[in-house]
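Let's take a walk through a protein model, piece by piece. Keep the 3D view open while you read.

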Protein chains: 2
Amino acid sequence: MIKTDLFGIYREYIACLNQQDWPRLEQFIGDGVSYNGQRVGLQKYREMLERDFDAIPDLYFDIQLLICEPPYLASRLRFDCTPKGEIFGLPVNGKRVSFTENVFYELREGKIENVWSVIDKAAIEAQL
Amino acid sequence: MIKTDLFGIYREYIACLNQQDWPRLEQFIGDGVSYNGQRVGLQKYREMLERDFDAIPDLYFDIQLLICEPPYLASRLRFDCTPKGEIFGLPVNGKRVSFTENVFYELREGKIENVWSVIDKAAIEAQL
């Protein structure tokens with residue numbers, strides 16, 4: 001697939017997350033998706049995202065930087081949100097926090113098959 | 001610059017770090033380099049790296065995934081090392097740990113001018 005296709009798919013994927021349009025997730029995520037080297041599959045991947053939105057009701061994925069070299073994408077995401085209790089083991093308890101995630105994706109036939117993510121937990125900690 | 005040039009520069013930069021060849025760092029890093037949105041400059045950037053090697057004598061930068069869309073590079077680095085005391089506020093104290101860093105670079109005229117890095121502190125914590 002060419003670069004513009006991957007950008008388009010990714011932006012639609014992020015819109016799908018922000019709309020919490022879970023039935024549509026299968027358009028973007030492969031059945032056998034892996035997360036940080038571990039096969040989780042579509043259903044568990046969806047549950048992980050649903051849990052994120054439960055913990056952070058105002059969660060919003062904001063793309064700060066997006067680069068593409070097919071079949072890979074790399075995205076820097078920014079979050080500016082209010083987790084209601086604990087996240088990543090940190091007692092945020094309704095405080096507004098900002099943090100980033102740097103994440104790579106590998107796509108096959110238009111679907112995300114591999115995700116390698118690092119979330120800036122240290123940035124959240126520094127704000128508590 | 002074209003993609004193959006950037007890959008070449010980046011691989012030489014990583015070799016320079018692994019050799020701790022600090023006088024050579026200026027070949028790769030711009031005078032006014034910024035780190036996570038903050039202008040630090042070459043000298044402070046070098047000091048940051050020297051501190052990393054002081055804290056982690058067997059530090060070695062291992063490129064796991066590297067993608068390029070000029071003028072950007074995105075790299076997933078893996079570390080398998082033995083920090084002697086504390087790192088990122090965690091009491092590692094000589095235990096062997098593995099963790100990753102997902103990092104973006106922006107290059108201008110062959111030098112790194114912006115670095116946006118996220119290090120997986122949570123992975124280290126989970127190993128202690």
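## A pair of strands to start with

Begin at Leu66(A), whose bridge partner in E4(A) is Ser75(A). E3(A) and E4(A) run antiparallel and are joined by 7 bridges. Two strands count as paired if DSSP finds at least two bridges between them. As a bit of background, strands of a sheet pair through backbone hydrogen bonds, either parallel or antiparallel.

Before going further, a word on what you're looking at: this is a predicted model, where local features need pLDDT of at least 70 and side-chain atom pairs count only at pLDDT 80 or more, while totals for chains, interfaces and linings use all residues. Residues are numbered from 1 along each chain as its sequence is written, and chains are lettered from A and ligands numbered from 1 in the order in which they are written.

## Chain A as a whole

How many helices and strands does chain A have? There are 3 helices and 8 strands, and along the sequence they come in the pattern α-β-β-α-β-β-β-β-β-β-α. The radius of gyration of chain A (taken over C-alpha atoms) is 15 Å, close to the 14 Å from the globule rule for 128 residues, so chain A is as compact as a globular protein of that length. That rule is 2.2 Å times the number of residues to the power 0.38. Along the principal axes, the C-alpha atoms of chain A fill a box of roughly 45 × 25 × 25 Å.

Of the 128 residues in chain A, 26% are buried. Here, buried means that 20 or more other C-beta atoms lie within 10 Å of a residue's own, exposed means 12 or fewer, and partly exposed is in between, with C-beta atoms placed from the backbone. Now for contacts, which need C-beta atoms, placed from the backbone, within 7 Å of each other. Among the contacts in chain A with a separation of 6 or more, 52% are between residues 24 or more positions apart.

## The sheet and its helices

In which order do the strands of the open sheet in chain A line up? The order is E2-E1-E8-E7-E4-E3, 6 strands with mixed pairing. E2 and E3 of chain A are the edge strands, each pairing on one side only.

Two helices go with these strands. Helix H1 (residues 3–18) of chain A lies across E3, E4 and E7 of chain A, and runs at about 150 degrees to E3(A). Helix H2 (residues 41–55) of chain A packs on the sheet and touches E1 and E2 of chain A, at about 65 degrees to E1(A). For these angles, axes are lines fitted to C-alpha atoms (for helices, over the stretch in contact), and values run from 0 to 180 degrees between N-to-C directions.

Over in chain B, E1(B) and E2(B) pair in the antiparallel sense over 2 bridges, and Tyr35(B) stands opposite Gln38(B) in E2(B).

Most residues other than glycine have a negative phi, and most peptide bonds are trans. Now look at Asn36(A): its phi is positive, near 50 degrees. Asn36(A) is in the loop between strand E1 (29–35) and strand E2 (38–39) of chain A, and is partly exposed, with 14 other C-beta atoms within 10 Å.

Pro71(A) is in the loop between strand E3 (62–69) and strand E4 (72–81) of chain A. A cis peptide bond also joins Pro70(B) and Pro71(B).

## Where the two chains meet

The contact takes 19 residues from chain A and 19 residues from chain B. On the side of chain B that touches chain A, E7(B) gives the most, with 5 residues. By class, that side of chain B has 12 nonpolar, 2 polar and 5 charged residues. Nonpolar covers Ala, Val, Leu, Ile, Met, Phe, Trp, Tyr, Cys and Pro, charged covers Asp, Glu, Lys and Arg, and the others, Gly among them, are polar.

Chain B superposes on chain A by a rotation of 180 degrees with 0.0 Å of shift along its axis (RMSD 0.0 Å). The two copies are thus related as by a two-fold rotation axis. The superposition is by least squares on the C-alpha atoms of residues with pLDDT of at least 70 in both copies. The same surface serves both copies, with 100% of the contact residues of chain B recurring in chain A.

How values were computed:
Helix = DSSP H or I, 4+ residues; strand = E, 2+ residues; numbered from the N terminus.
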